[in-house]
Amino acid sequence: MSERRVRVRFAPSPTGALHIGGVRTALYNYLFARQHGGDFVFRIEDTDSSRFVPGAEEYIIESFKWLGIKFDEGVSFGGEHGPYRQSERREIYKVYVKQLLDAGKAYIAFDTPEELEAKRAEIENFQYDARTRGMMRNSLTMTKEEVDALIAAGNQYVVRFKIEAGEAVHVDDLIRGDVKIMSDILDDKVLYKSADELPTYHLANIVDDHLMEITHVIRGEEWLPSAPLHVLLYKAFGWEDTMPRFAHLPLLLKPEGKGKLSKRDGDRLGFPVFPLEWHDPKSGEVSSGFRESGYFPEAVINFLAFLGWNPGTERELYSLDELVGLFDISKCSKAGARFDYQKGIWFNHEYILNKSAEEIAEVFAPMVKAHGIDETMERITQVVAMMKDRVNFVHELWALCSFFFVAPTEYDEKTRKKRWKEDSAAQLTELIGVLESLDDFSLAHQEEVVHKWIEDNEYKMGNIMNAWRLTLVGEGKGPGMFDISAFLGKEETIARMKRAIAEL
RNA sequence: GGCGAUUUCGUCUAGGGGUUAGGACACAUGCCUCUCACGCAUGGAACACGGGUUCGAUUCCCGUAGUCGCUACCA
């Protein structure tokens, strides 16, 4: 059994955008598969036809493509264990449902949803189980003839798993250790619905994991309560020998307040909870994505990897490949983690710091163009080199450095009051003369000449520089003055100064 | 309500029977400086509570409380 090749899967339902918690689950699966030299399978669990949302499947695939998480097989990736869409596996499930029925481990039930609802209203804490199934309309309380007649007459039914009371069920969890539960508290779960000829999650999940030779099931904590049911199903099928090991990951919680992270939190606090922007086809609602918000996929990966796990070192910046080597599922934390989006922003900033000006310029250039500016890649890269370390996102660059490309048309009032002195106009007019005399307008040469001019005239460095800054930038921000003037060039620099002196 | 999981600074976490309980984010202050940032430095800030076990518990055990999840013919 230990010889088996490691195979894990990520199996979302195509019911909408991929939640960021789901992304983390997929990431951990991916890291686990890679570090064990195993396979990562992508399965679509669309057994609830009523919740199907068009475009969701494509969205999920594109999300992982953007993030750099690769699957070895599955929907759209091929493989020998297909089909990988559960709605295309109807015939397979039927075989296994029949197997359980024949073995007396499951039974047919005719109770309608309305009847069940009535029972729940009638009996407090009603549960369809060993205590109550004797009073319901099912193949246990009817003769075979009655059952056959009902089916022949076209009555819809479900198949329920017959759970015997009094058994202690153990789930061996990679993160939580041994979790024990008594079978008495489990209900006879619906395994199959005749109405749409589809199984429910529980049956499909076990059958598929078995057939697809999954060795480890790494999923969210919301599945922990039904894990004993799954263990019982493996036993009912006689598949204990190859039953996968389980690992239930803690959930992602709201940044503040109570409960698990939701889309609403993102809207309210201003951060994305989906990898990509999502257009809901039903409501027409648009939800922001990490990609569109300006996050680098590497930063998102790094951030998510550290939400609920860490390698025990003090380093926090790791590439996806490095994480593969370091990941240890047993070191995952057990408690839910609040979604600390501030930390996510910090990660993105660190990735900007570590990327070259050329790489950032590649992203920034289209934004410059979008503002109607025609600049060479070289000049854009120069600006990026000066400014990139100041921002958390590339798109923040424009607000910080548009003055490199567009001359100021107005001058910030506060800065003017603070920096524009009585004699500023006279001094800057004098400075124009100094600059005009320069043949070499390079940063170093300007600096030398201007510094000497300031010293010779015993001007105050701060007064000159800040007033000068106001003329070139329009406000009191930006990199060193000579960086700015050297980039603008002699002509533009002097033109901006003249215009400002005239206006101020 | 029942069942399960879980609990270290505001947040993410390291650690583990004897530690000045470590790091990061955020926050504050300072430094750098021609501005604004970045960066750097410093600082405040935590073992949920109550019982055990023990020479000693934040660490192990048991309770209590909080938190999270499940309790569907949803996944």
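How many bridges join S4 to strand S5, and in which sense do the two run? Four bridges join S4 to S5 (residues 158-161), and the two strands run antiparallel. Strands (E, at least two residues) and helices (H or I, at least four residues) are DSSP runs, numbered from the N terminus. Two strands pair if DSSP finds at least two bridges between them.

The model described here is predicted: local features need pLDDT of at least 70, side-chain atom pairs count only at pLDDT 80 or more, and totals for chains, interfaces and linings use all residues. Residues are numbered from 1 along each chain as its sequence is written, while chains are lettered from A and ligands numbered from 1 in the order in which they are written.

In chain A, the domain assignment, which is automatic or taken from a database, gives domain 1 (89-249), domain 2 (263-352), domain 3 (355-404) and domain 4 (413-503). A distance of 58 Å separates the C-alpha centres of domain 1 and domain 3.

S4 and S5 belong to an open sheet of four strands, with the order S4-S5-S8-S9 and antiparallel pairing. Strand S4 (106-109) and strand S9 (198-199) stand at the edges with a single partner strand each, so one side of each is left without a neighbour in the sheet.

A hairpin is formed by S6 and S7, with three residues between them. Strand S6 (residues 168-173) and S7 pair over six bridges in the antiparallel sense, and Val169 stands opposite Ile181 in S7. Burial was assigned by counting other C-beta atoms, placed from the backbone, within 10 Å of a residue's own: 20 or more make the residue buried, 12 or fewer make it exposed, and counts in between make it partly exposed. S7 is hardly covered, and the count of buried residues among its six residues is zero.

Helix H9 (residues 297-305) is mostly covered, with seven of its nine residues buried. The buried residues are Ala299, Val300, Ile301, Asn302, Phe303, Leu304 and Ala305. They pack against helix H1 (20-35), helix H2 (56-67), helix H10 (320-326) and H11, where contact requires C-beta atoms, placed from the backbone, within 7 Å.

Backbone features were found in two loops. In the loop between strand S3 (73-74) and helix H3 (90-102) lies Pro83; the peptide bond from Gly82 to Pro83 is cis, with omega near -5°. Ser76 lies in the loop between S3 and H3 and has a positive phi of about 75° although it is not a glycine. Ser76 counts as partly exposed because it has 15 C-beta neighbours inside 10 Å. Asn125, in the loop between helix H4 (113-122) and helix H5 (144-152), is not a glycine either, yet has a positive phi of about 55°. Asn125 has 5 C-beta neighbours inside 10 Å and therefore counts as exposed.

RNA strand B is surrounded by 62 residues, the closest being Glu45, Lys258, Ala335, Met465 and Gly480; a residue is near the strand if its C-beta atom, placed from the backbone, lies within 6 Å of it. Elements that give two or more residues to this surface include H4, strand S7 (177-182), strand S8 (190-193) and helix H11 (341-354). The largest share, five residues, comes from H18. By class, the surface near RNA strand B has 23 nonpolar, 18 polar and 21 charged residues. Ala, Val, Leu, Ile, Met, Phe, Trp, Tyr, Cys and Pro count as nonpolar, Asp, Glu, Lys and Arg as charged, and the others, Gly among them, as polar.

Note on methods: Two residues are in contact if their C-beta atoms, placed from the backbone, lie within 7 Å.
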